[in-house]
Structures are given as structure tokens and as C-alpha cells.
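Dear colleague,

Please find below the structure that I am handing over to you. My findings follow directly after it.

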Amino acid sequence: MDALPDAILQCILSRITSARDVSSCNCVSKRWKDSTPYVRTLYFPRNSFDSPLSSEGAADIVIKKMVSRVVKLEELIVYSPFSANGLASWLSLVGHSLLQLELRMDNLNDNRETPSKLDYVAFAKNLESLKLWGVLMVRTPNWDVFPNLKNLEIIGAKFEDHVLIAVLHTCPVLTRLLLLGCEGVRSLSIELPYLEQCKLDFYGMGNSSLILISPKIESLEVQGCSWIRVPETKHLRELSISNTSGRVYMVDFGNLSALEFLSMRGIQWCWDAICKMLRMASEVKHLFMKVEFSGDYDALQPFPEIDFVDFFNSHQKLQKFDIHGAMFAALCQKNSLKHVDSGFVIPFLEEVVITVRSPLNAEQKLTTLESLLKYGKSLRSMVIKILEMKSCHRSVEDFFDEICRFRYMNRNVVRIE
């Protein structure tokens with residue numbers, strides 16, 4: 001290393017990101033110390049200042065000292081505890097050069113900060129990516145506009161609806177939005193013209209409502225909403241809707257001709273919402289369905305019968321199909337295979353993953369499995385997952401024996417997990 005030119009040494013040391021490693025490099029020699037100001041990223045892990053010798057406020061002082069020595073800091077990641085005044089002092093020094101900022105705020109239970117840590121994020125006006133962990137948003141932060149911010153991630157937050165809407169208005173060119181484990185959202189309307197990827201995970205009763213107007217949206221994941229409306233979807237390729245706490249009552253999407261992947265999960269969906277979603281997603285290539293029950297209100301009801309032939313004729317491009325118990329049971333009703341004409345085929349289906357929860361209607365279930373093999377001309381893999389069945393009745397053993405026999409007769413394609 002001593003033989004290297006200064007420029008090469010600076011290039012090598014500039015790739016170090018850990019604040020502790022940068023600090024160690026400063027102790028090697030004066031030449032190394034003169035090169036560390038050219039680092040572009042500083043990362044302070046959660047335990048950076050856990051030493052019993054660390055005094056209160058040591059983190060703020062050390063972080064400020066280190067960032068002040070950097071010529072042009074582009075990325076700052078701080079997971080260790082810090083104060084609002086400390087954050088203000090560092091960002092006032094390097095905010096103009098920062099492109100990526102990630103902070104563990106840890107203020108979920110403190111709404112007395114004035115001004116709050118959030119207010120000081122405005123010092124980093126040129127950000128392209130902002131990630132916040134454990135943040136309380138019950139009053140609107142004092143932000144202007146982030147003209148270059150394309151990626152916003154907030155994980156573990158408590159919101160008021162109007163505050164979240166105001167925050168999103170300060171990020172007009174977002175292309176990626178991620179809100180995970182967020183509480184307090186009841187009714188959210190998002191209008192972001194450049195948004196391409198969006199993942200929303202709302203924690204609580206599962207009765208939130210969402211309106212999303214983003215004509216360039218390509219990937220959307222929504223958890224915890226009962227009412228969803230996305231009118232502009234001509235570029236949407238991946239869609240996932242789940243609700244593990246409440247019910248999905250209404251879904252309203254625009255043109256889904258570009259949709260390739262659809263995931264539907266939850267305890268209960270209204271049957272109208274299921275039918276509408278399946279009807280709109282007729283061009284889908286990968287369909288994942290794990291909805292336990294239908295029913296419009298409190299009553300949990302099984303799925304009505306689904307005609308096997310009509311379903312696959314309506315989804316001609318389907319290549320991979322993941323079916324959980326309720327959907328598989330609906331396809332296995334005694335009348336679902338009555339109208340099979342001689343020309344019926346499932347042309348592109350290559351993979352099927354089936355989860356079976358009950359031995360009921362065993363004969364119809366085996367007939368449906370055989371039909372998937374018979375009409376799926378391109379089928380390469382069928383995985384049958386049998387969940388632990390609580391019944392001690394002989395029918396469980398008989399059903400499992402039949403599945404094993406079916407697997408043995410078609411062992412090149414079928415396997416049991």
C-alpha cells in the first residue's frame with residue numbers, strides 16, 4: 001500500500017463504508033488519514049456507541065466530527081441513537097451533497113419533539129433516496145420539496161392520513177414508494193405521476209381504503225386495505241393484494257392487459273371482488289391464490305363452484321398456478337368437469353402448486369388432478385402440499401394413499417411436499 005500513488009490509495013479507501021473502519025484507517029498513518037476524507041458513504045451500525053465509556057451525546061459529537069472531515073459525502077446511514085440537535089448539526093454540514101440518507105429515528109412514542117428530527121431532513125434537499133425507520137408522523141414535517149427524490153422508504157411508522165399525504169406531496173418525482181408496517185392509515189389518496197413501484201403494508205384492522213393515481217405504475221403490492229381503486233394500470237405487470245386482518249370488499253382497476261403476475265391473499269374476500277379480479281386478469285401468466293373464505297359480511301363462506309373449463313379458457317396464458325385449499329376445492333366440485341369438449345386444452349400451463357387442507361370430496365380432487373395432467377399439454381411440474389389434517393378418520397389415510405398412488409403413477413411430473 002505504501003508504494004501506491006495517492007490517487008489509487010484514495011480510490012481504495014473511498015470504498016470503505018463502515019464508520020468504525022474509517023476511524024481505524026485514520027490511525028494507520030498521516031497519509032491514510034489524508035485519504036479518508038474522500039469516502040462517499042458513512043455507515044453507523046446500531047451498536048456503534050454501546051461502549052460503557054461512551055457518554056450521553058457522544059454519538060452526535062462523533063458523527064459530526066466524522067462527516068465534517070468528508071469532502072463530498074453522498075450516502076449517510078445512521079442506525080445508532082441520535083438527537084434532533086445532532087441530526088441538525090450533521091445535515092447542515094453535508095446536506096447539500098447527500099444523495100442517499102437512511103435514519104433509524106426511534107421516536108414512535110415521542111410526539112413532544114419541537115422541532116422534530118423529521119424537520120431537519122429538509123437540510124438534505126438534493127436527496128435521491130430517503131429511508132426512515134421507526135418514525136412518528138402525527139404532524140406535518142417542515143419540508144419544502146425534494147426535487148430529485150425518487151425512492152422513499154418508511155418502515156415501522158405511525159401516521160395521520162393528512163400528514164402522509166402532505167409528505168408525499170413534497171416528493172413529486174418519486175418512482176419507488178415503500179411503506180411497511182405502518183399504523184394509523186384510514187383513507188389514503190396518492191397521486192404520483194412518475195411512480196413505477198409501490199409497496200404498501202398497513203398495520204391495524206385491515207379496513208383502510210386506497211386510491212392510487214399513477215399512470216406509470218408497473219409493480220404494486222397492497223396489504224391491509226378493504227377498498228382499492230387504481231384507475232390507470234396499462235403498464236402494471238405485477239400486482240399483489242392481501243389482507244390478513246380484515247376483508248377485501250372492493251377492487252377497481254383499469255386495463256390489466258399487461259399484467260403478468262397476480263397474487264390474492266387473505267382470510268376473507270367478497271366473492272364479487274374475487275370474480276372481478278379474476279375477470280380483469282385474464283392475461284396473467286402467474287396466478288397465486290390463497291384466500292380462505294368468501295362472503296360479503298361477517299359470515300365466512302366457502303367458495304362457490306368454479307367451472308374448470310371456463311376458468312382455464314378465461315386464462316389462456318397461464319403458465320404457473322399456485323392454488324390454496326379454498327380455490328382448489330371450488331375447482332373440484334362434481335359439476336366442474338361436465339362440459340369438457342374434445343378440443344379443450346390448457347396450452348401454456350407449466351407449473352402447478354396445490355395446497356390441500358381436507359380429504360373431503362377426495363374423488364373429485366383426484367379427478368381434478370388427473371385433468372390438470374391430461375389437459376395441461378405443457379405441464380412440467382405439479383407440487384402437491386398436504387397440510388396437517390386434524391381428523392383421525394380413516395378417510396384421511398385413504399386420501400393420502402390415493403395421492404401417493406397418483407404421485408407414483410406420474411412421478412416424472414408430480415411430487416409431494
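The lining of the largest pocket draws at least two residues from each of α2 (19–26), β1 and α4 (58–69). Among the contributors, α2 gives the most, with six residues. Please bear in mind that this is a predicted model. The volume of the largest pocket is about 380 Å³. Its lining consists of 21 residues, of which A19, R20, S23, V62 and M66 are the closest to the centre. Sorted by class, the lining comprises 12 nonpolar, five polar and four charged residues.

I then turned to the aromatic residues. The count of aromatic pairs comes to 13. In one of them, Y43 and Y79, the ring centres are 5.7 Å apart and the planes stand at 90 degrees; the pair is therefore edge-to-face, since planes over 60 degrees apart fall in that category. Y43 belongs to strand β1 (residues 41–44), whereas Y79 is in the loop between β2 (75–78) and α5 (84–94), so the pair ties together parts that are 36 residues apart in sequence. With a relative accessible area of 27%, Y43 is partly exposed.

Two charged side chains lie over aromatic faces. K117 is placed over the face of F82, at 4.5 Å from the ring centre. R265 is placed over the face of F288, at 4.2 Å from the ring centre.

Finally, I examined the cysteines. The count of disulfides is zero. For C198, the nearest cysteine sulfur is that of C225, 9.8 Å away, while the cut-off for a disulfide is 2.5 Å. C198 has a relative accessible area of 3% and is therefore buried, the limit for that class being under 20%. C332 is likewise in no disulfide, and the nearest cysteine sulfur, that of C275, is 17 Å away. At a relative accessible area of 1%, C332 is buried.

With kind regards

Notes: Residues numbered from 1 in each chain as written. Predicted model: local features only at pLDDT ≥ 70, side-chain atom pairs only at ≥ 80, totals over all residues. Heavy atoms only, no water. Phe/Tyr/Trp six-rings, centres within 6.5 Å; stacked < 30°, edge-to-face > 60°. Helix = DSSP H or I, 4+ residues; strand = E, 2+ residues; numbered from the N terminus. Buried < 20%, exposed > 50% of the residue type's maximum accessible area, 1.4 Å probe, protein only. Lys NZ or Arg CZ within 6 Å of the ring centre and 35° of its normal. 1 Å grid on protein atoms, 1.4 Å probe; cavity = no way out; pocket = protein on both sides within 12 Å on 5 of 7 lines; lining within 4 Å. Points joined across faces, edges and corners; volume = space filled by probe spheres on them. Nonpolar A, V, L, I, M, F, W, Y, C, P; charged D, E, K, R; others polar.
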